[in-house]
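Please look over the sequence and the model shown here. The report then goes through contacts, helix packing, the core, the interface and the backbone.

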Amino acid sequence: MVLCCACCGLTAALLPGQPVAIYHHLFGNGRRGAEGMDDLSEKNRKEDRQDVNGANPDWGGGFGLSCADVRHIDASEIAEAVYKLCMKVTCVLPPENIAALERAMEEEKSPQGRQALARILENHRLAGELMQPACQDTGIAVVFIELGQDVHVCGGDLNQAIDEGVRRGYSEAYLRKSVVHDPLFGRVNTKDNTPAIVHLQMVPGCSLKITVVAKGGGAENMSGLAMLTPASGVEGVRNFVVDQVRKAGPNACPPVIVGVGVGGNFETVAFLAKKALIRPVGERNPNPKYAALEEELLREINGLGIGPQGFGGSVTALAVHIEAYPCHIASLPVAVNLNCHVAPHSTVIL
Amino acid sequence: MTIKIETPLSDSVVSSLRAGDEVSVSGVMYIARDAAHKRLVSLIESGEALPFDPRGQIIYYAGPTPPKPGQVIGSVGPTTSGRMDPYTIPLLELGLKGMIGKGYRSAAVRKGLIEHRAVYFAAIGGAGVLAGQCMKSAKPIAYEELGPEALWRVEAEDFPAFVVYDAYGGDLYEEGTSKYRVC
């Protein structure tokens with residue numbers, strides 16, 4: 001089956017289980033500005049078709065590699081990579097998270113808020129030094145896989161390889177095993193933190209990118225999704241996002257990182273909100289309109305007064321990240337997924 | 001100024017605490033979260049004895065990471081307390097005097113704190129390494145098959161926490177937020 005993407009005209013074959021027609025938006029490959037084009041009419045034509053993330057319709061080309069042949073990656077290499085990511089993801093936090101917390105320390109007006117931030121910074125420093133999880137909630141492992149379409153995974157099952165990496169990593173790094181086998185009946189701990197939640201997407205190229213997010217339950221429980229109507233517009237989205245953070249209050253371990261999905265449909269908008277959380281903290285959406293909305297939402301959220309740990313203060317969120325996607329004429333889906341200040345995630349490209 | 005308190009908590013200590021107070025807690029505490037609470041309350045409902053006497057005690061809502069060799073306990077920051085709301089009143093009725101966690105409690109629990117003269121504290125969510133370093137001993141005393149949800153007895157030394165809901169209806173979350181709210 002061949003599909004033509006509505007917003008950029010990309011033609012792609014749709015294979016069973018592989019959402020080829022949408023991946024270049026959801027994963028942002030080919031996200032480049034429209035500068036550097038000589039022909040103005042060509043530029044305008046392309047800008048007209050620019051998608052909500054500011055990506056132009058030029059084909060992305062994966063990670064900049066080109067390959068003549070299919071590349072083979074053994075499943076055991078994937079297991080090893082996931083294992084190594086799990087070993088460090090909850091102990092060594094992304095430097096931009098630490099930098100954002102240090103900025104928060106300078107900006108926070110409340111003495112109790114500053115005290116909470118000082119302890120958090122000290123805790124995160126010790127976590128890296130001792131290679132001990134910063135937070136006891138080392139999460140359910142959410143694993144994003146961007147699989148180059150010229151890659152052949154051989155020597156085993158991809159999902160089993162990911163679970164093997166999680167199993168070994170969570171055991172050897174002394175992480176908490178926080179997964180139960182059935183949500184309703186029995187709720188018996190699987191004792192090895194498997195299965196992971198895997199988001200597999202095909203991308204151009206011959207690389208395999210793995211991002212492990214150790215997603216804790218406290219902030220995750222404060223997520224929300226609404227199917228707004230188009231008439232609600234920017235105002236409706238703004239009210240929903242701010243209200244969601246207000247309701248979360250101290251529960252999500254503020255200062256939080258607010259992941260927002262807008263557009264798509266019911267399941268896609270939730271995925272977008274989650275994906276927004278793996279963007280480096282504070283990096284703006286490349287589309288200036290969405291970047292401005294991110295800053296506006298951050299100001300409004302920090303005006304709620306919740307503050308670090310909910311003790312009252314001027315820094316409730318470290319960042320707001322929005323990911324958007326085209327949607328149906330009848331719809332305006334919006335989703336909020338929160339990350340606590342620990343926000344552990346780590347990436348490797350094979 | 002930090003107020004040093006020791007467990008078990010007496011009525012006079014509980015009565016002296018106010019929302020917003022910073023405390024450091026020393027002495028025995030019990031660590032329990034969702035699944036352990038479900039079992040504790042089911043024992044109470046069937047009239048059976050609990051694995052520990054809750055009179056005057058503090059329950060710390062947490063589920064630690066496994067200890068590394070040589071450690072007393074792993075990382076052990078607080079978990080979200082609201083999930084334990086449905087199990088809290090029966091424990092307060094048996095004399096529980098304190099709970100440490102993070103986040104909001106229900107109106108029923110806040111009322112229960114006033115009626116039973118008890119207090120709810122918040123520890124710093126996400127600061128699991130520092131919390132673990134305050135534990136001088138730690139031992140699972142029941143429900144080990146629940147893994148991270150086992151019931152633990154720990155001895156804390158200068159464990160830092162803030163009084164969120166006191167025994168008079170004081171509410172640090174509300175007071176703090178209203179002070180810094182600008183919209």
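## A cysteine and its contacts

Beyond its neighbours within four places in sequence, A:C86 is in contact with A:A141, A:G165, A:V166, A:G169, A:Y170, A:A173, A:L175 and A:V212. Two residues are in contact if their C-beta atoms, placed from the backbone, lie within 7 Å.

This is a predicted model: local features need pLDDT of at least 70, side-chain atom pairs count only at pLDDT 80 or more, and totals for chains, interfaces and linings use all residues. Residues are numbered from 1 along each chain as its sequence is written, while chains are lettered from A and ligands numbered from 1 in the order in which they are written.

## Helix α3 against helix α6

Two packed helices are described by the angle between their axes and the distance between the axes. In chain A, helix α3 (residues 75–89) packs on helix α6 (residues 158–172) at an angle of about 35°, with the axes 7 Å apart. Axes are lines fitted to C-alpha atoms, for helices over the stretch in contact, and angles run from 0 to 180 degrees between N-to-C directions. Helices (H or I, at least four residues) and strands (E, at least two) are DSSP runs, numbered from the N terminus.

The crossing of α3(A) and α6(A) is right-handed. That term applies if the near helix is turned clockwise from the far one by less than a right angle, and left-handed if anticlockwise. From α3(A), the residues that meet α6(A) include A:V82, A:Y83, A:C86 and A:M87. Among their partners in α6(A) are A:G165, A:V166, A:G169 and A:Y170. The residues of this contact divide into 13 nonpolar, 3 polar and 4 charged. Ala, Val, Leu, Ile, Met, Phe, Trp, Tyr, Cys and Pro count as nonpolar, Asp, Glu, Lys and Arg as charged, and the others, Gly among them, as polar.

## The largest core

How many residues does the largest nonpolar core have? It has 149, and A:V82, A:C86, A:V258 and B:F121 have the most contacts inside it. Strand β7 (residues 151–165) of chain B gives the most to this core, with 10 residues. Domain 2 (71–88 + 136–215) and domain 3 (217–342) of chain A both give residues to the core, so it lies between them. The domain bounds come from an automatic or database domain assignment.

A nonpolar core is a set of buried Ala, Val, Leu, Ile, Met, Phe, Trp, Tyr and Cys residues joined through C-beta atoms within 7 Å. A residue is buried if 20 or more other C-beta atoms lie within 10 Å of its own, exposed if 12 or fewer, and partly exposed in between. Buried residues make up 50% of the 350 residues in chain A.

## The interface

In chain A, 47 residues are in contact with 40 residues of chain B. Helix α5 (residues 111–130) of chain A gives the most to the chain A side, with 9 residues. By class, that side has 17 nonpolar, 21 polar and 9 charged residues.

## Backbone exceptions

Most residues other than glycine have a negative phi, and most peptide bonds are trans. A:C253 has a positive phi of about 60°. It sits in the loop between α8 and β9 of chain A, and counts as buried with 33 C-beta neighbours inside 10 Å. A:P255 lies in that loop too, between α8 (233–248) and β9 (256–264). The bond from A:P254 to A:P255 is cis, with omega near 5°.

A:Y174 has phi near 55°. Its place is the loop between α6 and β6 (197–203) of chain A. In chain B, the bond from B:T7 to B:P8 is cis, with omega near -5°.
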